[in-house]
Amino acid sequence: MNPRKSAKSAGHIFCFINYKLKKVLSMRKIVILTILAFSMVFGQAQNQELQADYHKKMEWFQEAKLGIFIHWGIYSVLGIGESWSFFNGYISHEDYLKQAEDFDAKNYDPEYWASLIKKSGAKYSVITTKHHDGFALWDTKFGNFNSVNNSPAKEDLIAPFVKTLRNNDIKVGLYYSLPDWSYADYTHFTRKVNRYKIEDEPKRWAKFEKYYHGQMKELKKKFDPDVWWFDGDWEHSAEEWKVTEIKNFLSKDKPEVIFNSRLRGKGDYATPEIGMPIHAPKADYWELCMTMNDSWGYQSNDKHYKSPQQIIDIFVECLSKGGNLLLDIGPKSDGTIPAEQENILTELGTWVSKHKEAIYKTKRGIPYEYYYGPTALSKDSTELFLYLRDIPKDGKIVLRGIENKIHRAHVVGNGTILNREVFCNVWWSKYPGLIYIDIPENVIDKYYTVIAIKLDGKIKLYDKKSKAIESN
Ligand code: GLC
């Protein structure tokens, strides 16, 4: 064979192989890229679906606005701080536990509790099934410290309450403390005494895990709550608590169940406590839990009650920032609800029922620059609610920068159509002007007067700078 020819054909073969290889490689690239693109699109779609499911399950919660929290336990016997009183060393553990001997719940009337909750306007209620002290209020086969076996109450106190909540169409939330300071195989005991470290005694921790996971499963089986309200997560990491596992077994067959965020942040909504957020929280869903006085549980000596006006102040602020209020009551050890607390629930309920259209299903309002006070919007953003705490000195309130046409302004729960007048709305500028709304004294509510502004469509807020007049 001609050596030149053979070199040439070898070269051809090489080029050919090279070409094929490149083709295969680029084919492979294409395939990989396609798979990647597909999985990204698929991943995105899946993520969107998950997000949609999440928002769907949060809908009732977001619309509910008001919940009643209940802290009930043996601490109400002496009227001392729930669990913390022994943890912080104000009373010995032994003496603290002795309270169980007098926890009789003899006047406990779950029907009445539910009727009061309903009257307050709350759409859900969260009750302590077990606080950090480990005293369980239901008939549990785990552990040996509960209302059935260790107190004169001798009954499951959660079961009848859950039943009556459901009968009254009130959603059920169960508070459950992850820490159990009285349980001999739990890591923490008091502020000064820690029993052990998990890494040193994993078997001991496993024993505790069996106990508290068992209790949670039992609560799920018995009561199947709509909300799990965890507390005390700060004592261990998400891995140590096995948060993912917990969430999995608690949402089995009930994917719509809601978890508060005290699961090392792996829950569905944020739970600021006592301190009303100054700025609206970034979270889509949040709930402020709040005491009526300064105590979660019943403390006879704590007379520092907020007035109904102050409670409604806080509630209105929650509404205007798009959150819920979880307002706490602390029943006495015999099961009666202190008169001050009952009074707040009743007053709140009267106000809520008059103003329901401006409460449930509303969302975060408009910035304060547009109205010097709290506001909320209807779900479709076509109605604006202005909350008016005080009596305006010249009988008028001012709304600014609303681009929409206003169809009507009326007093919620009263119906009076209000007169209004627009200033500074000139033909050469798009500036919508200042809207003065008359508030006659006879429409003023005892707590908050609410004005509904019906707009011609979704609210449009003007935010342009005003210019100098070029033609007049
Ligand atoms: C805190 C306290 C507790 C109370 C709870 C209510 O975490 O430990 O005593 O039950 O907040 O939010």
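First, the ground rules. The model is predicted, so local features need pLDDT of at least 70 and side-chain atom pairs count only at pLDDT 80 or more, while totals for chains, interfaces and linings use all residues. Residues are numbered from 1 along each chain as its sequence is written, and side-chain values use heavy atoms, with hydrogens and water left out. Helices (H or I, at least four residues) and strands (E, at least two) are DSSP runs, numbered from the N terminus.

Let me start with the helices. Two packed helices are described by the angle between their axes and the distance between the axes. The axes are lines fitted to C-alpha atoms, for helices over the stretch in contact, and the angles run from 0 to 180 degrees between N-to-C directions. Angles under 35 degrees count as roughly parallel, over 145 as roughly antiparallel, 65 to 115 as roughly perpendicular, and the rest as oblique.

Take α5, residues 110-120, and α7, residues 158-167: their axes lie 9 Å apart, at an angle of about 40°. The pair is therefore oblique. The crossing of α5 over α7 is right-handed; a crossing has that hand if the near helix is turned clockwise from the far one by less than a right angle, and is left-handed if anticlockwise. Contact here means heavy atoms within 4.5 Å. On the α5 side we have Pro110, Glu111, Trp113, Ala114 and Ile117, and they meet Pro160, Phe161, Thr164 and Leu165 of α7. By class, the residues of this contact are seven nonpolar, one polar and one charged. For the classes, Ala, Val, Leu, Ile, Met, Phe, Trp, Tyr, Cys and Pro count as nonpolar, Asp, Glu, Lys and Arg as charged, and the others, Gly among them, as polar.

Helix α5 also packs on α12, where the axes come within 7 Å and cross at roughly 40°. That angle makes α5 oblique to α12. Tyr112, Leu116, Lys119 and Ser120 of α5 meet Glu342, Leu345, Thr346, Leu348, Gly349 and Val352 of α12. This contact has five nonpolar, three polar and two charged residues.

Apart from neighbours within four places in sequence, Leu116 is in contact with Ile337, Glu342, Leu345 and Thr346.

From α8 come Tyr212, His213, Met216, Lys217 and Lys220, and from α10 Glu245, Ile246, Phe249 and Leu250. The classes here are five nonpolar, one polar and three charged. The crossing of α8 and α10 is right-handed.

Now to single residues. Leu386 sits in strand β10, residues 383-388, and is buried at 0% relative accessible area. Which residues does Leu386 contact, leaving aside neighbours within four places in sequence? They are Tyr371, Pro374, Thr375, Ile397, Leu399, Ile437, Thr449, Val450, Ile451 and Ile453.

Asn404 is in the loop between β11 (396-400) and β12 (406-411), and it is buried at 8% relative accessible area. Its side chain makes a polar contact of 3.1 Å with the side chain of Asp456. A polar contact is a pair of N or O atoms within 3.5 Å; within protein, one must be able to donate a hydrogen and the other to accept it, and residues adjacent in sequence count only if both atoms are side-chain atoms. The Asn404 side chain also reaches the backbone nitrogen of Lys460, at 2.7 Å.

Last, two backbone notes. Arg264, in the loop between β5 (258-259) and β6 (287-290), is not a glycine but has a positive phi of about 55°. Arg264 is partly exposed, at 39%. Lys361, in the loop between α12 (339-354) and β8 (363-364), is likewise not a glycine and has a positive phi of about 65°. Lys361 is partly exposed, at 47%.

Definitions and conventions. Buried < 20%, exposed > 50% of the residue type's maximum accessible area, 1.4 Å probe, protein only.
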